[in-house]
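Here is a short briefing to read alongside the structure. Keep the model open as you go through the points.

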Amino acid sequence: MSTRLPTFGNVGLAETLQNRRLLAGIVVFVVLALYPAMTLNAYHTRLLTWIMCFAIAAMGFNIVLGYTGLLSFGHAAFFGTGMYTVVLVMGRVGITDLVAVMVIAMVVSGLVGAIIGVLTVKTHEIYFALLTLALAQLLYILAVRDIGGLTRGTDGIGVTRPDFFGIPISELPAQIYLLGFYYHVVLVALAATIVLLWFVLRSPFGLTLKMIRENETRAEMTGVPVLRYRVYSMILSAMVVGLGGALYAVLIGHITPEYLDWTMSGEIVFMALLGGIGTFFGPVVGAGGFILLQELALSYTEYWHFTMGLVLFIVVLTLRENGIWGGAKTLVERLNDRRGEQ
Amino acid sequence: MIPETLLGQPFVLGHTFNGLYFAALLFFASVGLTLVFGILNLLNMAHAAFYGLGAYIAVWTLNNIGDITTTMVALLLVLVIVIPLAVFVLAAALDKTVFAPLYEIEPVYQLLATFGVILMLDDIIKYLWGATPISVDAATNPSRQLGTIDLLGSSVSVYRSFVILIAVCCAVGLYLMFVKTKIGKISQAMSEDYEMVQMLGINVTRVRVLIFSLSIAIAALGGALFVPFAVATPAVTLEYVLLSFAVIVIGGLGSLKGVVVASLIIGMVRSFGIAYVPAIELAIVFALMVVVIIAKPEGLFGDEGVVE
């Protein structure tokens, strides 16, 4: 019954410690960490922070699509929950420590993920897509109509700057706050997400999710509690996406219900697909590709929707689950093979 | 205590009429979506975007037609015949080019690719007609020209009654097409076993283009009929994409009867919802969609054929 979307090689734990990859990762991390201090370019730093927030969200999303084989069209619910939790916890509850706020946002998103996970656990393929869409849309309507009086409807709510372990970073000048502090917080969050998911998705837990994706009936027959694992995968996914949303909320400083709308879900799907849902790093590459493409298209034309739609259409028809990251990997392998032959 | 006027006959009658009108629009927007899925196995997220396109074409046509004619019959013919025909031709061309490769891929990828088509159409509409809402001028607006009549103590819009009538004709016409004509029977067979029909030597591509274009044309017809009583905005497209999915899920994917019943349900829910619980009126629609998928995923009539 499962959608046969992506294909992964069976990567063992030994290979994960392959030095070359680890080294490359560390180099990329250090270069990124030094980037704002070296260039002092606020525009680029802001753009990178933005990309990294969505890279976290797209990776979280891909746990459900790439690893468990289910297309959710409702992940805006988790992204938006993360965002609104930040605002409400800081504004209403009065907790302003950044780390505490992020943890709470992840927990709340995880709870919403548990609820949506339980409700959707028996549906497959397009029914799963449409059910997640409908559930997320319910949350969106609650936020737009301001039911419960928490969201201030379409006007949205502003986000104040958080504290950091008692250090009054919120008093820093805007440029230094972004270049020197917040950018690095998001970078560390992304690195932590990557490392954590790398191990989680290669653990027996991650392999079980892949088994469910490949053949749900067989997984069931071999004694895997499929339904429970599907809920787990949704909770994990929701927590990661919620973290992305929470970090993004602090970055942009103003929240509207649009981040709960289904077009937002569509954008998250788009990012993961663009980078490659069948690859581990694909969603990160996809988030970068999506946002850079959007910025590029916007600088030439106001009709960037058309460009994005065309790219999505072409990616679906050509690269499919490989995305640009998978496509690039295949290309490099082929070039290597050819060089080997000579 | 509910005031007596709220329970009074004219009030309830008015909401029932609004509900029927809204159901008619939903029927136009979603019937093609369910037919294309049921018969051709294509889940076209962009389907209702052609409802939006029809609305824009209608505004443009009616606002430019004033010099040629302002006769009511001509205006209505433009909305009911000319615009759907034009979109039919456009859809046939699109089926041969843009949509052709989508028939081969999995439903999940169909959803994603057609989401891309929505984005493209959205900008094409903005490029042609701008992002600000546009509406039909009073001089060539059939809805304003026809006015209202008095029915059982409440005033009823003649134009909107006409729209309801066209929707009923359209539903009956489709039903007759499926049970009486050869092409309809071939389509039914295709929904059962596409490859078998192909092997019997029937040109399935021709039937496919016909069903697809007809479906899109009906969506455009709905948009064209909708716009004299409303305004065309880019948001219309997105709203109807969502609502049409609610309709076909509640009715059951691939069922003509399902679309009719679900359109009526959602039409009434929204009409009475707007009157009595305006804050959560849309939420009821999606809650209904959630309940149906969880409790009866095949929808009200989804386990039956196209017309049973």
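How much of the accessible surface of chain A belongs to carbon and sulfur atoms? The share is 66%, out of an accessible surface of about 15,000 Å². Bear in mind that this is a predicted model.

**Confidence**
- Chain A has a mean pLDDT of 86. In chain A, 94% of the residues reach 70 or more.
- Residues 1-9 of chain A are a stretch where the pLDDT is below 50. In the model, this stretch still has 37 contacts beyond near neighbours in sequence.

**Overall build of chain A**
- Chain A contains 14 helices and two strands.
- Its radius of gyration is 20 Å, and the globule rule gives 20 Å for 342 residues, so chain A is as compact as a globular protein of that length.
- The C-alpha trace of chain A spans about 60 × 50 × 40 Å along its principal axes.

**Inside and contacts of chain A**
- Chain A has 342 residues, and 53% of them count as buried.
- Take the contacts in chain A with a separation of 6 or more. Residues 24 or more positions apart account for 78% of them.

**Charges of chain A**
- Chain A carries 20 positive and 19 negative charges.
- The mean position of the positive charges and that of the negative charges are 7 Å apart.

**A residue in a helix: A:Leu142**
- Find A:Leu142 in helix α6 of chain A, which covers residues 125-144.
- Is A:Leu142 buried, partly exposed or exposed? Its relative accessibility is 38%. Buried means under 20% and exposed means over 50%, so a value in between counts as partly exposed. A:Leu142 therefore counts as partly exposed.
- Which residues does A:Leu142 touch, leaving aside its neighbours within four places in sequence? It is in contact with A:Ile147 and A:Thr151.
- A:His44 is 98 residues from A:Leu142 along the chain. The C-alpha atoms of these two residues are separated by 35 Å.

**A residue in a loop: B:Gly254**
- Now turn to chain B, where B:Gly254 sits in the loop between α11 (234-251) and α12 (256-276).
- B:Gly254 has a relative accessible area of 5%, so it is buried.
- B:Gly254 and B:Ala48 are 206 residues apart along the chain. Their C-alpha atoms are separated by 16 Å.

Note on methods:
Residues are numbered from 1 along each chain as its sequence is written. Chains are lettered from A and ligands numbered from 1 in the order in which they are written. This is a predicted model: local features need pLDDT of at least 70, side-chain atom pairs count only at pLDDT 80 or more; totals for chains, interfaces and linings use all residues. Side-chain values use heavy atoms; hydrogens and water are left out. Helices (H or I, at least four residues) and strands (E, at least two) are DSSP runs, numbered from the N terminus. The radius of gyration is taken over C-alpha atoms; the globule rule is 2.2 Å times the number of residues to the power 0.38. Buried means under 20% relative accessible area, exposed over 50%, partly exposed in between (1.4 Å probe, protein chains only). Contact means heavy atoms within 4.5 Å. Accessible areas come from the Shrake-Rupley method with a 1.4 Å probe; for residues, only the protein chains shown count as cover. Lys and Arg count as positive and Asp and Glu as negative; His and the chain ends are not counted. The place of a charge is taken as NZ of Lys, CZ of Arg, CG of Asp or CD of Glu. pLDDT is the predictor's confidence in each residue, from 0 to 100.
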